[in-house]
Amino acid sequence: MVKSLVGELVKRDTRFRTGFILMIIIVFMSILSFFSPVDPYSTYYAPVNRPPSLRYWLGTDSRGQDVFWMMTFALKNSIVFGLIAAAVSRLIALLFGTISGYIGGKTDSVLMIINDSFITLPVLLVIILIGMVFRRLSFFPLAVVMGLLGWPWDSRLFRSQILSLKERKLTYTARFSGMSTFSIIFKIYFPHLVPVFLSTFINNMIWSLGLEVTLSVLGLTNLQFPTIGTTIYWANQHQALILGIWWWLAAPIAGAIILFTALYLLSVSINEYVDPRIRYQQGSF
Amino acid sequence: MSLIEIDDLSACYVQEKNRVRAVDGVNLKVENDEILGIAGESGCGKSTLLKTIYGYVEPPLYVEKGGIKYNFRDFRVDNIFSSSNLSSIKWKKISYITQGSMNVLNPVRKVRNFFIDLWKAHRQNLNLTDFEKLLKDRLSSLGLPEEVLERYPHQLSGGMKQRIVIAASSLFNPEVILADEPTSALDVGVQLEVLGLFLKIHKENKNTIIIISHDMSVLVNLCSRVAVMYAGNIVEVADTRSLFKTPLHPYTRLLIESLPRIGGDKELMGIPGAPPNLAFPPDGCRFHPRCPFSFDLCAEEVPVLTEVCENHQVACHLRLRDEKVEA
Amino acid sequence: MASGKVVSYVIGRILQCLVVIFISTTVVFIIPRMATDMSPIESAISRAMAQGQYTDPRAVEKLRNTLEVAYGLEGTVFEQYVKFWGNILRGDLGPSFSSFPTPVMDLIRNSLPWTVGLLLVTTILSWVIGNILGGIVGCNRNKRWAKGLEVTINALRPIPYYIMALLLLIVFSYILPLFPSGGAYTIGIVPRRDWSFFIDVLKHAFLPALSLLLVGIGGWFQGMRTLVSHIMGEDYVVYAKLANLNKKDIFSNYIMRNAMLPQITGLTLQLGMIFSGTLITEIVFNYPGLGLLSYNAILRSDYNLIMGVTILSIVAVSFGTLIIDLLYPLLDPRIAY
């Protein structure tokens, strides 16, 4: 089902195609990281502050690292980070939304109040608090924490989908033919939720990546670990802009813009695809 | 001179790579001061025809060929689709009642605001107080209390909403009122009242009403003339009386015979088969796969709508053949 | 209107709001107490000791006690919790560590106006502009200028607040020195109520506001455009078109009035994000609002200050949501209390 979705969108929608191509570029760069001749944690192995040249494609930075290879690691780590955070939050959102929507009644009210409490949490500040308490959050736990904080918005979405599915004839038919609640949810509802799941997955990736960049720039994450955010942090620490080492900042910023734009294009086109009314209105020849 | 002359009109919906010809080569003349009914199954093109008569042609609907001429009391329009004075015609000379009036009113504003918008768009030479008086008269003649203007649409019943829609469409005394299934969503009792309202408007203003219904019993009570459509073609047009007494087209016959009669003990019959896919209609006469009387010519040649007796036209090889034999 | 029903509904919603505040504040309370490996006190002490000052064990003990009181960590967890709420209800958010003993509340009070100003102006402007543009483009989907506008705004949308702020700073402060690069007003000037000061403030606020605006418009724009695409197909819009009503009337009364409603609800969901974005932008531009306050607090490990800002934000967002929720039925006649 996912394959046909992707295939059709690549053909029809320029935006999806562009986003897809950009994503492939980024994934390619990330895969390159496995072939990197340098260890991302080592520093001062290359001459400092060299501008981009044939030897160092994106130049070197003030810590003696090759910006190009650092970027491959940064992109890889960023993507993995986004995937983990999005996966965790999707699962929680799905669970919450489905239980709340299906059971309804008092359980629903209680769960929704808990949900709302998490929506009002200022995530940035809370993660800063966590960062201060636990000192230099390392990568993997941070992604999980993002997941634990990023679900409330979308759980409402899943909940309303389930609510409307519940009222539809297909539920009654399934019920009357004796399907167990479990199979109704898994076999009938979930396929309907796949497109929404996909689009919120990508949205969540964008959100958590943005947050990671912010946190790293503020110096709250594991700064030895190469990500887009930590690269910007080090560039700022070494006053890259003032010293004229523009490539050190330009690379992560460009990487960020490309990554975010790619994800965004994908999400928007999937969103519109999911919505049949918009497809119809575009007219077709 | 007829009020509306539809000449070889074809309109189609473009979907992916298919063209669905919902109106195919329709020739029809609509006269002054008559109530014309258009009957037929769902999907036969009645609504599309009505939309094109109104000039409401938006993608994916396109007019392929043909045209419509209008001879209004004070001016003529030769081609509504390229007409620049479309705005002076819409709602003033012709008005339109859509199928299903449940959601046609703006849910977040009071009913009276809709009428004020109508006034702003169509009758600026009437000042507001005169307009309001006209509006209230019209509403009360349709059995609506004045308070309905202060209500929101969700506070009104289906019947009231339908009456408001009828009031809006007859407000500027247009020469033609087009009504698409105005009674389909209503209870039977309300249906009767609404039909009565149409008659009343027709009598008071001497205008023409074109009404679509898949329910023949509605048409037989209201219309002076009835046209029967099948798969995008008009297959029979006649005065109501002669259509129901002596239906000439096999499809019309089957439609009429499928109506239950009070006190009848006849077995209820449907029409066998299903309407054709308008993207790929059958060759020749479109009804021939389901027609109990079809013969070889029917599969080859499209029958032309011809006048067979006085004021009675039919498009059927059977009748035409008989005609020729008799002549 | 049955006022009894209205009153009970309103009270119910207020109660709900308070419960939400209660739960989220409790979550914030729990965080430092989850640190099993190294409590914040120990880390504060080890930092102080690294500076080579406190080597006398009695002094260290005293420091520990003071910090415990200040952090609210003395006694059992339950006692801490009760004291915590007692303080908050009195408006006491504790002392700031980095500016000890200035109360957190005072520091917040000084920074708050700057943030509120920036926040309110940019939120309202981006909501209004984004929605109007989205509505116009949604109605004219196939025109070329509409498509162009859409692509431009959408290109800005995925850019994170920090990067947008950084970009604007680089372009309009370094490359083209049109605007000041930071602060709320020129250093050294004493704030006074006159025209030239006001202009100075505006000049300094321009880039931060622009940065927030550009990113914010995109979100509302996209949402509105999608909504309008839906609404165009609704029966009442089709009918209004059939009745040949004035295009302006159709746009404002039929399309926009209906499309606005979900966008107002959307505002409540976005309040949290808008707040975070404002903080980040303030940091880039050195704007002396809550954002900068928080950043300095991070640098100096001033846990109490951050917690204070967090609680404030929770309360503000909750009440903001409550107000919007209560006002919503006034705009949608289909919903009665």
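Figure 1. In chain B, 64% of the contacts with a separation of 6 or more join residues 24 or more positions apart. Two residues are in contact if their C-beta atoms, placed from the backbone, lie within 7 Å. The model is predicted: local features need pLDDT of at least 70, side-chain atom pairs count only at pLDDT 80 or more, and totals for chains, interfaces and linings use all residues. Residues are numbered from 1 along each chain as its sequence is written, while chains are lettered from A and ligands numbered from 1 in the order in which they are written. Chain B has eleven helices and twelve strands. Helices (H or I, at least four residues) and strands (E, at least two) are DSSP runs, numbered from the N terminus. The C-alpha atoms of chain B fill a box of roughly 65 × 50 × 40 Å along the principal axes. Buried residues make up 40% of the 327. A residue is buried if 20 or more other C-beta atoms lie within 10 Å of its own, exposed if 12 or fewer, and partly exposed in between.

**Figure 2. An open sheet of eight strands in chain B.** The strand order is 6-7-8-3-9-10-12-11, with mixed pairing. Two strands pair if DSSP finds at least two bridges between them. Strand 6 (94-97) and strand 11 are the edges, and each pairs on one side only. The twist averages 20 degrees from one strand to the next. Strand 9 (residues 225-230) and strand 10 (residues 233-239) pair in the antiparallel sense over six bridges. There, V226(B) has A238(B) in strand 10 as its bridge partner. Helix 9 (residues 250-257) of chain B lies across strand 3 (35-39), strand 9 and strand 10, at about 110 degrees to strand 9. Axes are lines fitted to C-alpha atoms, for helices over the stretch in contact, and angles run from 0 to 180 degrees between N-to-C directions.

**Figure 3. The hairpin of strands 11 and 12 in chain B.** Strand 11 (residues 306-309) and strand 12 (residues 312-314) run antiparallel, joined by three bridges. T306(B) has V314(B) as its bridge partner. Two residues lie between the strands, and N311(B) takes a positive phi near 55 degrees.

**Figure 4. Buried positions in chain A.** S199(A) sits in helix 9 (residues 181-217). S199(A) is buried, with 21 other C-beta atoms within 10 Å. S267(A) is 68 residues away in sequence, yet 5.1 Å away in space, C-alpha to C-alpha. In helix 6 (residues 139-149) of chain A, the buried residues include L142(A), V145(A) and M146(A). Their cover includes helix 3 (67-103), helix 5 and helix 9 of chain A.

**Figure 5. Chain A meets chain C.** The contact takes 36 residues from chain A and 41 residues from chain C. Helix 5 of chain A gives the most to the chain A side, with ten residues. By class, that side has 27 nonpolar, six polar and three charged residues. Ala, Val, Leu, Ile, Met, Phe, Trp, Tyr, Cys and Pro count as nonpolar, Asp, Glu, Lys and Arg as charged, and the others, Gly among them, as polar.
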